[in-house]
Structures are given as C-alpha cells and as structure tokens.
Amino acid sequence: MNSTLLHQIQQRITRSGTCKFFRSPANFQPDAALSLPELAALDTCCQKAMFKSMKHEEKEKLKQRCGGSWKLVLGYLLVGERNYRCEKSQVIAGQGHSIVVTAKGGVYSFGANCSGQLGLGNTEDQFEPCLIRSLQGIRVTQATVGSRQTMLVSDTGSVYKFGQDAFEGSRSSGTYTSSPKLLESLKGIFVVQASIGGKFSAVLSREGQVYTFSWGREARLGHASELTDVEPRHLSGPLENALVVQIAAGYCYLLMLAYQPTGMSVYSVGCGLGGKLGHGDTADLGIPLLVQHFHELDVKPLSIYAGAFHCAALALDGRVFTWGWRGHGCLGHGNVDQCMCLPAEVEGLKDVKARHLSAGDYTTFVVADNGDVYFFGRGARLRIQVDGEEKETVRTPKLATSIVALNEKVVQISATKSVDRINQGLGSPHTLVLTESGRLYSFGGGTKGQLGVMLVEGQKGRSTPDRVDIDGLA
C-alpha cells in the first residue's frame, strides 16, 4: 500500500500524532513492545469517539481484524470518518425535505413534513431551517434520509428515527413519528453509519458489521425476513467476518466497502436489474458478493455512492467509475446501452482528480480536487446549469457552471436520490451544496420548502444556487 493515497493519509496522521504524542500525555498505558509509529497511531485512535468507548479486549480484537497493527486500525477509522463525514458538517437532500448536521452535532431540518420527517414534533412544512431542539444534549455525527423518513446517528452509537414508519411499497397503516425516537432494536450495537433505501434500512457498526431490516418477502437481503419483521438482522454471507467501512443504499440494493490491509473491496446485494450490482449480469443477489471487476482493473476503491438506480465509486487515485441503469446519461459514458453491468471509468473525467461524488435519482455530481464541479444525468428536474444554461439531459461530464460561479471550494454535494413511485406530492428533486467556508447553497425544486426559502407565487424552483443561512457549518 506504499503507493496508495490511503497509506499517505496514514503517514500524515501518524506524523502529526507522533508530535502530539511527545507534547502531551498519551491516552493509554505505556507499552514498551510498540514502536514509536505504532504508539502514535494508537494514541490517535484513542482520541476517536467510537474507539475511545471500546473495552480493551474489543480494541485488541479490532486490531487483529485489521491486520495486527494500530496503524491499520487508524486507517480503518480514518476511511470511515472520511466517507460518512463523521464529526463534520454534512447536508442531505431528501425527497422534498432537507437535513443539515453542524460540526458540533446540531441538526436542522426544512421542507416537506407530511409524515413528521423533519423531527419537529408536528407535520407542518417548513420553509426555513429549524433546529431540532428535542435533540439538545445529543451530538449527531451522521444522517440519512429516505422518502418521508430520517435517521440520525449519535457519537455514542445510538440511532434515532422519525417520519413514516413503513417503507415505500410496504403495507402500511400510515403511522409516523414526528419527533426523534431512539431505535431500541439497535441497543447493544454501536452504530457509526446508517443508510435508508427504498424498501429497507442498513446500519454499520463500529466493528465493521452490517445489519439490515424491513425488506420483507419481496426482496430478502441476506436473511429470510418477513413483512412483519422489522428487527435488524446481521447480514450473512462472505462479509460476516469482514471489516466493512462504508455502506450505501440505493432504492432496492446495497453497496458495501470492505477494508483490508492491502486496499478495499466493493460488495453488493439486492436487486440486480440494470446491472447495478456490478457483476456483469442483471441477476438478484440474496447474499453479498464481491465486485471482482475492480480487482481485474487493478483499481483500489476509496468511496462508494448508491444512486436510486445507478452506482458510482471514487478510486484512491481520483478516478471515477460508474455502472447500473444509464437513464438520462447518469453514468457519464455518452450514448451507451440501456445499462452497464460492470464498473467502467468515466473517460470524460480522465484528466480530473475527483475527491467527492454524489449519486442521485439519475444524476451524478463530481467535485474535483481543484474545486471544479462536474455534472451528468437528468438535468431538467434539478434545474442545473451546465456550460451556462439549463439542459434536460447531460450524457457526458460538463462543468456545473452555476456552482462553479459561486467561487467557493465545495466539500460536499447532496442531490435527491430517494424516490416514492407510489405516493407523489413531495416536489421535484433538489440539490444542497456545502462549501469549505461553511456556507450552504440550494437549488432545484422548492415548492415544499426544501430549498430553505419561501418561493414567490407560481415559482416551482430555482436554477441558481442561493445561500441558506445556518450557523456552525464551518
């Protein structure tokens, strides 16, 4: 791994950790058997919330699963933090509603609230950001949204849920929860990431294990659940003993990134229509399977992104790979077949070193290392401007000129990916843009308040990103 980006990240953290290690007391008892780099790595690990709360035997077990080195444990923690923006500001664009997590763990919500998905204790749509005050004293580190649903993960590993109780397409009584409710079924599991799909949810534990729930008979996911079974179940198959470092849920499938000392691997499970599982066919999978094509291409994935019906991956060297349904050009490969069943590099980005991606409902954004932002896919509903004008379909990567014109360094983009094919009325998709300076911008559909402003009468959205005022995002 000496030549990989991950190794460089580990080295930088280890060096800074060594300096701090010598300047201040360590967070553990001295161990003469460890080298200085190992001591520094362990000291840095002990500063991480998810690691700090582990028992000694749990830490040692994690070390062995990572390859027997505290530097490898640190790498595992760092990759996870990077991919789900742990303890950093983050923005999430749902279908008709928006969630914003501040750097200090506060949560703001705005937009459609018909099922209490804003967590404010009512069902009134909100046209400006509202702080979820019932979470006072709880530090949220990660958030995910679905159709009329929201889940939050705290720094103590707890998960809170609000909004519609059932998933799209499920047999539902129409019940909902309008205030954050602790998921008792996940007690005993220290959760670091959650991801909501169209018919299921998935959570990732600090030990790198994946749990899924609420798929039902229509699409079993690693376990034989029934429609009435809403309990989290450990995902069976080849990942049972692997270290998963990131999960990404699409409408009817799940991607997982597994951590190994020699690099990372992508696994997939669920509905295979459109080739979105990445195995060269369109077959469904009941248990996770390794996406071999990355190894065949000698590509080391760093991050995974699940759109509603297409996938994207960011490689360690900054290259971008996509696969799945190609609707509206969302794969960025031009006029290809109806779908791509194997991951393929986006040739239009071969001179771009990417550092962040966003996959939505037939839309893809790419944030380059130099600050440029590219877009391809279904442009009409997002009202995105590329090359200076709104375009209905963008089949190859184009500069998102309306975002570039902000003249700010973008650190995260979130475009609506959750879909509700049965219950409409939540408004058109929208996009949230977070910059390094802590400024938040929004554009796209806005009839439900999901842009954080009240539009003028007759206006359905906006194509130019406008500022949304929320403190504490820097």
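Rings of Phe, Tyr and Trp (its six-membered ring) pair if their centres lie within 6.5 Å; planes under 30 degrees apart count as stacked, over 60 as edge-to-face and the rest as tilted. The model is predicted, with local features needing pLDDT of at least 70 and side-chain atom pairs pLDDT 80 or more, while totals for chains, interfaces and linings use all residues. Residues are numbered from 1 along each chain as its sequence is written, and side-chain values use heavy atoms, without hydrogens and water.

Select Tyr-251, Phe-309 and Tyr-362: they form one aromatic cluster. The whole structure holds seven aromatic pairs. For one of them, select Phe-294 and Trp-323, whose ring centres are 5.7 Å apart with planes at 75°, so the pair is edge-to-face. Phe-294 sits in helix α6 (293–296) and Trp-323 in strand β19 (320–325), so the pair ties together parts 29 residues apart in sequence. Helices (H or I, at least four residues) and strands (E, at least two) are DSSP runs, numbered from the N terminus.

Next, select helix α4 (56–66). Lys-59, Leu-62, Lys-63 and Cys-66 are buried there (under 20% relative accessible area; exposed is over 50%, partly exposed in between; 1.4 Å probe, protein chains only). The face turned away from this buried side carries exposed Glu-57, Lys-61 and Gln-64. Just after α4, Gly-67 has a positive phi of about 120°.

Finish at the open sheet of four strands, ordered β9-β10-β11-β12 with antiparallel pairing (pairing requires at least two DSSP bridges between two strands). β9 (191–196) and β12 (233–234) stand at the edges, each with a single partner strand, so one side of each has no neighbour in the sheet. Four bridges join β10 (201–205) to β11 (210–213); the partner of Val-203 in β11 is Tyr-211.
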